Amino acid sequence: METMTFPRYSPDDIISYLRSHILEGAEARNLVKGDVFGNTKLDILHLIYMRILQKVYGIRPEHFFMMPVNIDIMYPQIYEGFLPVCNLYIHMEHLLPMCRINDFQIADILNPKTKRTVRFLSGILNFVNFQEFRREVYLELQLNYKSAMEKHQQLEAVNREAAMKLEKLNTVPVEHQAEVKQLTESIRELEQLLRQDYRRKQTALQEVISQKKTDIAESTRKLNELKVTMATLKEEQEQLKSKIVESPEELKNSKELMKETVKKLKRSKQEVIEKYEGYRDLVEVLPSCQLEVQSYQKKMEGHGANVERLASILSEVRNLEDQIESAQVELKKAKTDEMSLKRMVTAKHERLSTAEIKIKKMREDVEQHKCTVPEHFNKVQEKRGAVYDKVMAIRKEIKQMKGEIEQLKEDAEEKAMKAKEIHLIWKAILEKCHESLLKAVKSYAASRAEKVDEIRRGLFSIQSSGSSS
């Protein structure tokens with residue numbers, strides 16, 4: 001019992017704690033150190049124990065004066081005086097093992113001793129402080145749990161709202177379902193028609209363009225041929241100039257031929273230019289066709305915008321679904337974080353409590369060592385022999401005390417046996433008295449019944465005589 005973990009408080013500290021935390025009002029003001037330690041007053045000590053039980057277990061004072069109902073007691077008046085002490089001992093016997101005190105006896109209530117009461121009260125105060133500390137921790141955890149539950153409910157509400165919005169977006173009302181179907185069918189038909197027209201016009205334009213390209217290629221080929229013929233003619237002209245004869249008639253004829261060829265070339269050139277202008281006019285007609293194509297393209301772009309709107313609505317729906325999933329993931333993460341935080345908080349509080357207890361022990365040990373070492377360091381060698389003699393004497397006293405304790409235990413066992421025998425004798429006497437009382441009651445009831453029968457007979461005879469007269 002000397003190696004317990006709870007600290008030993010001084011009597012002054014115990015009295016101050018009882019005044020400030022356990023007792024209230026006049027009880028706290030009238031409490032004196034001598035009432036608990038020294039000349040102990042049993043009623044005050046019992047009151048302190050009752051208030052401690054009331055604080056720890058919530059036991060009301062009237063419960064200590066109640067008789068158990070589930071036990072058949074023949075004469076309950078005998079137990080009235082001893083009943084509060086017995087109930088107090090039973091409750092204290094349940095409380096003190098939690099306070100690391102296992103040697104509590106009924107003698108500590110009937111005949112308390114100062115050292116044992118100091119140890120009991122210090123253990124109880126340590127347990128009460130621990131209970132208050134853990135209550136604060138529990139209240140903090142409860143507040144955190146409430147806040148987490150509120151967040152969970154808010155997220156669930158947001159999840160429900162998002163689900164409702166999704167249902168509204170996905171479901172078309174009954175009134176507009178026919179219109180939506182018609183619109184979708186018309187949109188499909190328009191898409192098909194636009195695609196067919198676009199393909200048909202595109203093929204026609206490609207055919208016209210290819211034909212014009214072939215015509216332009218032919219005209220360019222003819223121009224090139226004409227250019228080649230012009231070059232050959234120029235070469236021939238130069239050759240002919242070198243072979244000119246002085247006769248003027250031949251010169252005239254050659255000049256006329258040359259003029260005719262030049263005229264033919266100019267005519268062919270003019271024809272080529274006219275064809276080129278016709279082809280250019282045809283090419284200029286192409287933008288009108290391109291405008292029609294652009295109008296069809298604009299219609300296709302409008303249809304694409306409608307498709308993009310549908311895609312944006314679908315993307316919003318997907319975003320909402322992603323938000324719901326992320327909210328659910330955050331809920332799970334919050335729950336796991338809450339559980340891990342609770343575990344961490346409990347572990348840290350336990351570690352802090354154990355560390356504080358160890359630190360207190362270390363401080364007490366250090367203080368005691370500091371106080372004792374400088375005082376007794378110089379006197380150890382001088383008083384070694386005296387200490388040895390004292391140790392031997394103390395051992396002898398301890399042996400004597402152990403023998404006396406064993407004798408006292410034997411005497412107490414003998415007294416307990418005698419008390420049990422006396423109790424059995426008194427119980428037998430009471431049972432005999434009870435039986436004699438039952439017999440007396442039965443005899444009295446039988447005699448009373450006989451007397452009642454005699455009186456009834458006398459009354460009946462009187463009534464019969466009166467009727468005959």
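Mentor: Ring pairs join Y89, F104 and F120 into a cluster. Keep in mind that this is a predicted model.

Trainee: How many aromatic pairs does the structure hold?

Mentor: The structure holds 2 aromatic pairs. In one of them, Y89 and F104 are stacked, with 5.9 Å from centre to centre and 20° between the planes.

Trainee: Which parts of the chain does that pair link?

Mentor: Distant parts, 15 residues apart. Y89 sits in helix α5 (residues 83-95). F104 sits in the loop between α5 and α6 (107-110).

Trainee: Are Y89 and F104 buried or exposed?

Mentor: Buried means under 20% relative accessible area. Y89 has 18%, so Y89 is buried. F104 has 9%, so F104 is buried too.

Trainee: Why is the pair of F104 and F120 called edge-to-face?

Mentor: Planes over 60 degrees apart count as edge-to-face. The planes of F104 and F120 stand at 70°, with ring centres 5.3 Å apart, so the pair is edge-to-face. F120 belongs to helix α7 (residues 114-170) and F104 to the loop between α5 and α6, so this pair ties together parts 16 residues apart in sequence. F120 has 1% relative accessibility and counts as buried.

Trainee: Now the surface. Which residues gather in a patch of negative charge?

Mentor: E406, E410, D411, E413 and E414. Take E414 as the example. E414 lies in helix α10 (residues 384-468).

Trainee: Why does E414 count as partly exposed?

Mentor: Exposed means over 50% relative accessible area, buried under 20%, and partly exposed in between. E414 has 48% relative accessibility, so E414 counts as partly exposed.

Definitions and conventions:
Residues numbered from 1 in each chain as written. Predicted model: local features only at pLDDT ≥ 70, side-chain atom pairs only at ≥ 80, totals over all residues. Heavy atoms only, no water. Patch = residues over 30% accessible without salt bridge, like charges linked within 9 Å, V, L, I, M, F, W, Y side chains within 5 Å. Areas by Shrake-Rupley, 256 points an atom, 1.4 Å probe, with all protein chains shown as cover. Salt bridge = Lys/Arg side-chain N within 4 Å of Asp/Glu carboxyl O. Lys, Arg positive; Asp, Glu negative; His and termini not counted. Charge placed at Lys NZ, Arg CZ, Asp CG, Glu CD. Helix = DSSP H or I, 4+ residues; strand = E, 2+ residues; numbered from the N terminus. Buried < 20%, exposed > 50% of the residue type's maximum accessible area, 1.4 Å probe, protein only. Phe/Tyr/Trp six-rings, centres within 6.5 Å; stacked < 30°, edge-to-face > 60°.
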